[in-house]
Amino acid sequence: MNASGFLRVLAVDDEPPALDELAYHLRADPRVARLHTAGDATEALRLLRDGDVDVVFLDIRMPGLDGMELARVLRRFARPPAIVFVTAYDDGAVDAFDLGATDYVRKPVRAERLAESLRRVIGSRVVPSHPAALARAEEDPTIPIELAGTTRMLPRSAVRWVEAQGDYARLHTAEGSHLVRVSLATLAERWADAGFVRVHRSYLVQLKLIAELRLVNSGYVVVIDSTELPVSRRHTRELKDKLVRAAKQDWSR
């Protein structure tokens with residue numbers, strides 16, 4: 001942020017009407033001190049080279065270097081700006097937050113939704129300034145979920161288990177469940193280091209939350225929050241090994 005505490009913003013979109021609407025709402029917000037606009041990634045990089053920017057509001061589907069690719073470039077900056085993706089599609093949400101995006105806004109944009117994004121940007125760049133806070137944010141990324149027309153950020157740590165539903169996945173938490181447009185296979189790969197294990201072609205669970213591994217007539221089940229989930233034969237041995245290793249680590253502490 002600049003010395004006055006207001007934000008220097010860059011908005012990037014290859015569609016002029018969408019860019020004009022985004023710029024209109026951003027200019028109307030008193031927290032925006034300076035706004036630049038760019039019609040593609042090349043122009044955006046030139047503007048970023050010529051001056052510091054606190055946050056980039058970025059479309060995803062653009063010709064040439066798209067928004068995801070540009071975000072990967074920005075992450076390599078010595079002082080990377082915050083990223084807010086602004087898109088008409090929801091299929092890039094998980095990728096966006098894997099890249100450390102601060103927010104994911106669906107088009108058509110609304111002034112109050114952009115105001116919420118700016119609040120999150122300010123919070124992310126002011127509050128987690130301590131290295132320990134930054135580490136915690138990286139260890140527990142958020143997932144965008146839709147609730148009554150509003151995008152909310154769900155911490156990954158709140159997810160107890162995941163259920164496949166076609167090309168979607170249902171994230172089960174202590175309070176309820178949320179459907180996101182990402183495959184179970186993708187989450188299994190990306191969340192393996194966070195302790196999530198595949199127990200069935202349709203289920204991914206948080207290993208440390210397994211209360212029981214029980215043998216029933218049809219095979220094994222795991223119990224999480226009093227819910228029984230099936231364990232496929234091909235995953236049983238690997239799951240047992242992981243549970244034993246986890247128990248040994250607990251005993252050695």
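Three strands of this predicted model form an open sheet in the order E13-E14-E15, with antiparallel pairing. Strands here are DSSP runs of type E with at least two residues, helices are runs of H or I with at least four, and both are numbered from the N terminus. Two strands count as paired if DSSP finds at least two bridges between them. At the edges stand strand E13 (212-216) and strand E15 (227-231), each pairing on one side only. Neighbouring strands of this sheet are turned by 35 degrees against each other on average, direction ignored; the axes behind such angles are lines fitted to C-alpha atoms, for helices over the stretch in contact, and angles run from 0 to 180 degrees between N-to-C directions.

Residues are numbered from 1 along each chain as its sequence is written, and side-chain values use heavy atoms, with hydrogens and water left out. As the model is predicted, local features need pLDDT of at least 70 and side-chain atom pairs count only at pLDDT 80 or more, while totals for chains, interfaces and linings use all residues.

Strand E14 (residues 219-224) is joined to E15 by 5 bridges, and the two run antiparallel. Within this pairing, Val-221 has Pro-230 of E15 as its bridge partner. Strand E15 also holds Thr-227, which counts as partly exposed because its relative accessibility is 28%. On this scale buried means under 20% relative accessible area, exposed means over 50%, and partly exposed lies in between (1.4 Å probe, protein chains only). Leaving out residues up to four places away in sequence, Thr-227 touches Trp-161 and Val-222, a contact being heavy atoms within 4.5 Å.

Strands E8 and E12 belong to an open sheet of 5 strands in the order E10-E9-E8-E12-E11, with antiparallel pairing. Strand E10 (177-180) and strand E11 (196-200) each have a single partner strand, so one side of each is left without a neighbour in the sheet. The twist averages 25 degrees from one strand to the next. E11 and strand E12 (residues 203-206) are joined by 4 bridges, and Arg-198 stands opposite Leu-204 in E12.

The model also has a nonpolar core, meaning buried Ala, Val, Leu, Ile, Met, Phe, Trp, Tyr and Cys residues joined through side-chain atoms within 4.5 Å. The largest has 23 residues, of which Leu-10, Val-12, Val-56, Leu-58, Phe-85 and Ala-96 touch the most other members. Among the elements giving two or more residues to this core are strand E1 (7-12) and helix H2 (41-50). A second, separate core of 19 residues includes Val-9, Leu-26, Val-32 and Val-109.

Finally, a word on confidence: pLDDT is the predictor's confidence in each residue, from 0 to 100. The mean for the protein is 84, and 86% of its residues reach 70 or more. Over residues 1-5, however, the pLDDT is below 50.
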